[in-house]
Amino acid sequence: MTTRHRLVVFDCDGTLVDSQRLIVDCVQEAFAGEGLAVPTAEAIRRIVGLSLVEAVDRLMDGADPAHAAVVAERYKDVFIRRRLAGPVDEPLFPGARELLENLQKRGLLLGIATGKAMRGLRHVLAAHRLEAHFVTLQTADRHPSKPHPAMLEAAMAETGARSEETVLVGDTTFDIEMARAAGALPVGVAWGNHPADELRAAGAKDVLDRFDRLLDLLS
């Protein structure tokens, strides 16, 4: 592994964790509960990765920002209620755990930059017993929404990694644009919420069709 790369930062939803069905169901229930037209699954996939209020606002075409904040709170209530009712379906994508362990063994620092709130991220990491894998956690409730580079810049500052030593792995154009804005190496994944051709058009250095290809890319 080249010493040029010190820090690998991952998105969560759609990159490490397959939460697509859960997010779609909760968004649709929140919109229905507010008497709004229910967005399609495809429309919801387009906004995964943004901070919650901004994501809802986009689904509402920016027509009523105040109402978007209300719908976002209803989404949180729906999500929490489902978690309290029992385990929710947020499995790791195949090869995720093995890749994280391999990167750690090679001496790289690992982080997360996600549109989730810190509470939700910690819940997911605990459910998959991944807390010890990451040295920096950056969430949308503590930073501007992607594609603003603040989350990635904070991760680099916390770990002492320079931008040219940092890799961002994500599934949306928001991730790729964030990485480019921060000067990090942008890498996409083909199994997430935005198609591979859009990730490449946004500036992804490569789009992985399986996790272990990241090791080849960094070698």
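Select tryptophan 191, which is partly exposed, with a relative accessible area of 21%. Buried means under 20% relative accessible area, exposed over 50%, and partly exposed in between, computed with a 1.4 Å probe on protein chains only. The model is predicted, so local features need pLDDT of at least 70 and side-chain atom pairs count only at pLDDT 80 or more, while totals for chains, interfaces and linings use all residues. Residues are numbered from 1 along each chain as its sequence is written, and side-chain values use heavy atoms, with hydrogens and water left out.

**Aromatic pairs**

Rings of Phe, Tyr and Trp (its six-membered ring) pair if their centres lie within 6.5 Å; planes under 30 degrees apart count as stacked, over 60 as edge-to-face and the rest as tilted. By this rule there are three aromatic pairs. Select tyrosine 75 and phenylalanine 79: their ring centres are 5.8 Å apart and their planes are at 40°, so the pair is tilted. Both residues lie in helix H4 (residues 65–85), four residues apart, about one turn of the helix. Helices (H or I, at least four residues) and strands (E, at least two) are DSSP runs, numbered from the N terminus. Tyrosine 75 and phenylalanine 79 are both buried.

Tryptophan 191 lies in the loop between strand E5 (185–189) and helix H9 (196–202), and phenylalanine 211 in the loop between strand E6 (206–208) and helix H10 (213–218), so the pair ties together parts that are 20 residues apart in sequence. Phenylalanine 211 counts as buried, at 3% relative accessibility.

Next, show the strands. In what order do the six strands of the open sheet stand? The order is E3-E2-E1-E4-E5-E6, with parallel pairing; two strands pair if DSSP finds at least two bridges between them. Strand E3 (136–139) and E6 stand at the edges, each with a single partner strand, so one side of each is left without a neighbour in the sheet. Neighbouring strands are turned by 25° against each other on average, direction ignored. Axes are lines fitted to C-alpha atoms, for helices over the stretch in contact, and angles run from 0 to 180 degrees between N-to-C directions.

Individual bridges can be followed across the sheet:

- Valine 8 has leucine 110 as its bridge partner in E2; E1 and E2 pair in the parallel sense over four bridges.
- Phenylalanine 10 has valine 169 as its bridge partner in E4; four bridges join E1 to E4, which run parallel.
- Valine 169 has valine 187 as its bridge partner in E5; E4 and E5 also pair in the parallel sense over four bridges.

Is E4 enclosed or left open by the rest of the structure? Five of the five residues of E4 are buried, so E4 is largely enclosed by the rest of the structure. Thr166, Leu168 and Gly170 are buried on one side, and Val167 and Val169 on the other. In a regular strand the side chains alternate between the two faces of the sheet.

Now show helix H7 (residues 150–159), which lies across E1, E2, E3 and E4 and runs at about 160° to E3.

**The cores**

A nonpolar core is a set of buried Ala, Val, Leu, Ile, Met, Phe, Trp, Tyr and Cys residues joined through side-chain atoms within 4.5 Å. Select Val8, Phe10, Leu103, Phe134 and Leu214: of the 29 residues in the largest nonpolar core, these touch the most other members. Leucine 214 is in contact (heavy atoms within 4.5 Å) with residues that include Val8, Phe10, Val169 and Val187, leaving aside neighbours within four places in sequence. A second, separate core of 22 residues includes Val24, Ile47, Tyr75 and Phe79.

**Backbone details**

- Lysine 146 and proline 147 are joined by a cis peptide bond, with omega about 10°; proline 147 is in the loop between E3 and H7.
- Aspartate 61 has a positive phi of about 60° although it is not a glycine, and it counts as exposed at 73% relative accessibility.
- Arginine 129, in the loop between H6 and E3, has a positive phi near 55° and is likewise a residue other than glycine. Arginine 129 counts as exposed at 61% relative accessibility.
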